[in-house]
There are 2 protein chains.
Amino acid sequence: MRELGEFALIARMNAGRTQAPGVLLGPGDDAAILAAPAGRYVVTTDMLVQDRHFRLDWSAPADIGAKAIAQNAADVVAMGARPSAFVVALGCPADTPVELVDGLVDGMWAEAARAGGSIAGGDVVRSPLLVVSITAFGDPLSRAPVLRSGARVGDVVAVAGRLGWSAAGLAVLAGGADRELFAEVVAAHRVPRPPYQAVLGLPAVAEISALTDVSDGLLADLGHIAESSGVAVDLDSRMLVDPALEPVARALGADPLDWALTGGEDHGFAATFRAGLDLPPGWVAVGQVGEGAGITVDGVRRTGSAGWESFTSG
Amino acid sequence: MRELGEFALIARMNAGRTQAPGVLLGPGDDAAILAAPAGRYVVTTDMLVQDRHFRLDWSAPADIGAKAIAQNAADVVAMGARPSAFVVALGCPADTPVELVDGLVDGMWAEAARAGGSIAGGDVVRSPLLVVSITAFGDPLSRAPVLRSGARVGDVVAVAGRLGWSAAGLAVLAGGADRELFAEVVAAHRVPRPPYQAVLGLPAVAEISALTDVSDGLLADLGHIAESSGVAVDLDSRMLVDPALEPVARALGADPLDWALTGGEDHGFAATFRAGLDLPPGWVAVGQVGEGAGITVDGVRRTGSAGWESFTSG
């Protein structure tokens, strides 16, 4: 990196890339210009810090880049919006091999394309450790955004995407279980695959009364919906545990329900639907909205850690 | 910070704040929603790393926050756009005093208001050192953005705002000169004051053929304009050295012209105007656009460092 220098690095990061249609002006000037066909746009930002949110010995650079984009794109989609573009601020040590940055950037572009956008600009600075800060943009699919506050008593709670896979993969990496045997969950930890189309492909996003992505753990994220909406949620544990996780849990002496309830980072989606609707493809009913407050599982209030929290977890 | 926790901290950061009119939905959901009345918006991002871009023993937290916002707002204005909002990703150690974060956030809000926007959202994570990553948004003032590539032979080169003050202040802080005696340049280093109104108050931005903010140093930033526009620029040294910097330079045995040419961080603006126009208020002619390439000062090509470069400087 030191040999290449900032400007050559930025040129290298952008060489041969094709911007998404919403990027009216990409890198190279004081700022990028993005289209906002709806007259408004959705914005979210996330910072990932080396050895806190990722480890270079556990993940390939391309996986780290893809994950950074995926978690931001999932937040955009969780507003009922289509990802359009991303900007990336990257802090890295001066002795970072340029191949590491190449991998990181390739992973970002690949996931940005999967989400329907591109990398419209960024900043590269020197830092004692790797820090990746992403801001993601999206175009609302409908006039009214899909907020966390729309859940109503009687709604069905449903999820799209995997629950607990990333947590299981992290447990394998941290706990010394066989990484080859459990390669699928390890891969799920390294690169989440948010099921963007489960939301973007809906006939009308308005079918959903409340929506969030599962980033901090299902209990925590549904907790935000319950609190914002002034309702309670009861979950059915039978619908939460993925049988595919049971061998992993046995090998580690872990409870797969814990992973499903408190493991974040799969970046699936949790939503509430008006009762009586056929759930759209990709969605599975896992519970019910009721009167009251808080989250119960099979009618019992769940105690203990509800998910990831930046300053008290980990 | 550890005692307060992420969610309480975020609540504290947003308590009592009033969002700018363009922020349709502020913090509290998966993403913010911003207005784009022009159907397009300007985006820029910058990362600041502790001990690289700021020092806690040289600057108060509010100054660091204000500077982080100012340098991003200046990039928005340098596109001919009005700042509307900012999002902030903040990495900080778990033992960070909450007063430090309060100061940082207060400084950000104050400068955001000065630029015409507000803090629409963000992320707070644990990190071994303080990292501030800002993304700034703006609404274009006119149909065509003001790019770096519009300078034409014969145009007048002009600047708005201070040149070399921040570099002089940094030299005082680093070189042990009297901080009280030279308090004004030290303050300029701690908190740049981009002259936003010099651009935003123009009768028609179209008077400007090319525009940038001076962030890497005048030689470097005008170098970008010259390169993008396929022209040369000759600067008049008599117009560059601020007499107010001469006592500071004498005390440090430094050349004030160096500060003006290669010192960034004042975040003034450099622009090219069609010849024969009266320059608008706040703008001072400092040179001329000619045929050729590169930057000369009094007709002589300037050698040596042209400004800040992330991986080779500092």
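1. Across the interface of domain 1 of chain A and domain 2 of chain A the rule finds two salt bridges, a salt bridge being a side-chain nitrogen of Lys or Arg within 4 Å of a carboxyl oxygen of Asp or Glu. In one salt bridge the side chains of Arg193(A) and Glu111(A) meet, at 2.8 Å from N to O. Six residue pairs between domain 1 of chain A and domain 2 of chain A are in polar contact, both residues at pLDDT 80 or more; a polar contact is a pair of N or O atoms within 3.5 Å, where, within protein, one must be able to donate a hydrogen and the other to accept it, and residues adjacent in sequence count only if both atoms are side-chain atoms.

2. On the side of domain 1 of chain A that touches domain 2 of chain A, at least two residues each come from helix 2 (61-77), strand 4 (81-92) and helix 3 (98-115) of chain A. Helices (H or I, at least four residues) and strands (E, at least two) are DSSP runs, numbered from the N terminus. Helix 2 of chain A gives the most to this side, with nine residues. Sorted by class, this side of domain 1 of chain A holds 10 nonpolar, three polar and seven charged residues, where Ala, Val, Leu, Ile, Met, Phe, Trp, Tyr, Cys and Pro count as nonpolar, Asp, Glu, Lys and Arg as charged, and the others, Gly among them, as polar.

3. A word on the basis of this note: the model is predicted, local features need pLDDT of at least 70, side-chain atom pairs count only at pLDDT 80 or more, and totals for chains, interfaces and linings use all residues. Residues are numbered from 1 along each chain as its sequence is written, chains are lettered from A and ligands numbered from 1 in the order in which they are written, and side-chain values use heavy atoms, with hydrogens and water left out.

4. Domain 1 of chain A covers residues 6-140 and domain 2 covers 148-301, with bounds that come from an automatic or database domain assignment. Taken over C-alpha atoms, the centres of domain 1 of chain A and domain 2 of chain A are separated by 26 Å. In chain A, 20 residues of domain 1 are in contact with 20 residues of domain 2, contact meaning heavy atoms within 4.5 Å. These two domains of chain A bury about 1,800 Å² between them, 59% of it on carbon and sulfur atoms; buried area is the accessible area (1.4 Å probe) that two parts lose on being put together, summed over both.

5. Turning to the two chains, 69 residues of chain A are in contact with 69 residues of chain B, and chain A and chain B bury about 5,300 Å² between them, 61% of it on carbon and sulfur atoms. The rule finds four salt bridges across the interface of chain A and chain B, and in one of them the side chains of Arg148(A) and Asp29(B) meet at 3.7 Å, N to O. It also finds 20 residue pairs in polar contact across the interface of chain A and chain B, both at pLDDT 80 or more.

6. Among the elements that give two or more residues to the side of chain A that touches chain B are helix 1 (6-14), strand 3 (40-49) and strand 8 (208-213) of chain A. Strand 3 of chain A gives the most to this side, with nine residues. The residues of the side of chain A that touches chain B divide into 37 nonpolar, 18 polar and 14 charged. Strand 3 of chain A also pairs with strand 2 (residues 32-35) of chain B in the antiparallel sense over four bridges, two strands being paired if DSSP finds at least two bridges between them. Within strand 2 of chain B, Ile33(B) stands opposite Val42(A).

7. In chain A, seven strands form an open sheet in the order 8-10-7-11-9-12-13, with mixed pairing. Strand 8 and strand 13 (300-301) of chain A stand at the edges, each with a single partner strand, so one side of each is left without a neighbour in the sheet. Strand 7 (residues 156-160) and strand 11 (residues 283-290) of chain A pair in the antiparallel sense over five bridges, and Val157(A) stands opposite Gly287(A) in strand 11 of chain A. Strand 9 (residues 232-235) and strand 11 of chain A run antiparallel, joined by four bridges, whereas strand 9 and strand 12 (residues 294-297) of chain A run parallel, joined by four bridges.
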